[in-house]
Amino acid sequence: MFDELRNACRPGSIGGFLPGMKQIANVAALPGIVGKSVGLPDVHSGYGFAIGNMAAFDMDNPKAVVSPGGVGFDINCGVRLLRTNLTEADVLPIKEQLAQSMFDHIPVGVGSKGIIPMTARDLEEALEMGMDWSLREGYIWAEDKEHCEEYGRMAQADPAKLGTLGAGNHYAEIQVVEEIYDKWAACKMGIEEKGQVCVMIHSGSRGFGHQVATDALVAMEKAMKRDDIETNDRQLACARIKSKEGQDYLKSMAAAANFAWVNRSSMTFLSRQV
């Protein structure tokens, strides 16, 4: 953190972002914040908010704001670990075939076509329903929902507030447990021994999230002028939570979050097929 401050004057040193420490301070000055602006252990510079910067806002405070910088451009980006009953010794003889099968089942890259068929209506329902759509269509196990935030669905989602689809930089990879540091916690997650094979899936809202954040930032810059809101950083563009711009963002953000859960669920289904 202090290195970022010292290097802030060097051209291109942190990609045009303010140092994370300054971003944490700027967030602390946003209207309606509850308590402190918090920097978590992995904190470093981001867009508006620092990465690992956390803040709460009082939804009953008429001056409180919502800022897309606090959520980011890849909405509901997250990881999912699938444990297996296989060991490294089981997998090594078929390692190349297994990797190829993952590539064959899970589409990769811009322009690739998904194996799971979706009509425009399916997509709209997936954005509204999140993992409930995946469950209805038979792509998840019922207990999968119990291991996801919000049970895999944000109820206030409104796909009508969304833009277009795009691409992302995510992965699905086969991993091996090399060390167990907390046996109790590992056991709770079904990780029982060294050499156990797992699948890690990392994905988010792909182009949805980027479109949602981009559109909201444009709308909120206008709302700030209208409502006389001032911030210490242009990247902290925001709107009153109860305003049309604030509510539109929350609804579209929820739809993008639902898409991310469906996306991870679809890759989970395909990984299970592999």
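A residue counts as buried when its relative accessible area is under 20%, as exposed when that area is over 50%, and as partly exposed in between. Keep that scale in mind as we walk through this structure, which is a predicted model.

Let's begin with the aromatic rings. A pair of aromatic rings is described by the distance of the centres and the angle of the planes. This structure holds four aromatic pairs. In one of them, the ring centres of Tyr 47 and Phe 73 are 5.2 Å apart and the planes meet at 85°, so the pair is edge-to-face. Where do Tyr 47 and Phe 73 lie along the chain? Tyr 47 is in the loop between strand S1 (33-44) and strand S2 (51-57), while Phe 73 is in the loop between strand S3 (65-66) and strand S4 (78-87). The pair therefore ties together parts that are 26 residues apart in sequence.

Next, look at Tyr 139 and Phe 269. Their ring centres lie 5.0 Å apart with the planes at 70°, so this pair is edge-to-face. Here the link joins distant parts of the chain, 130 residues apart: Tyr 139 sits in the loop between helix H6 (131-136) and strand S5 (171-176), and Phe 269 belongs to helix H9 (residues 244-273). Is Tyr 139 buried or exposed? Its relative accessibility is 14%, and because buried means under 20%, Tyr 139 counts as buried. Trp 133 also comes into the picture, as ring pairs link Trp 133, Tyr 139 and Phe 269 into a cluster.

Now let's turn to a sheet. Strands of a sheet pair through backbone hydrogen bonds, either parallel or antiparallel. The sheet to find here is open and has three strands in the order S4-S6-S5, with antiparallel pairing. S4 and S5 stand at the edges with a single partner strand each, so one side of each has no neighbour in the sheet. On average, neighbouring strands are turned by 20° against each other, direction ignored. S4 and strand S6 (residues 196-203) run antiparallel and are joined by seven bridges, and Arg 83 stands opposite Cys 198 in S6. Helix H9 packs on this sheet, where H9 touches S4 and S6. The direction of H9 makes about 150° with that of S6.

Definitions and conventions
Residues numbered from 1 in each chain as written. Predicted model: local features only at pLDDT ≥ 70, side-chain atom pairs only at ≥ 80, totals over all residues. Heavy atoms only, no water. Phe/Tyr/Trp six-rings, centres within 6.5 Å; stacked < 30°, edge-to-face > 60°. Helix = DSSP H or I, 4+ residues; strand = E, 2+ residues; numbered from the N terminus. Buried < 20%, exposed > 50% of the residue type's maximum accessible area, 1.4 Å probe, protein only. Pairing = 2+ DSSP bridges. Axes fitted to C-alpha atoms, helices over the stretch in contact; angles between N-to-C directions. Contact = heavy atoms within 4.5 Å.
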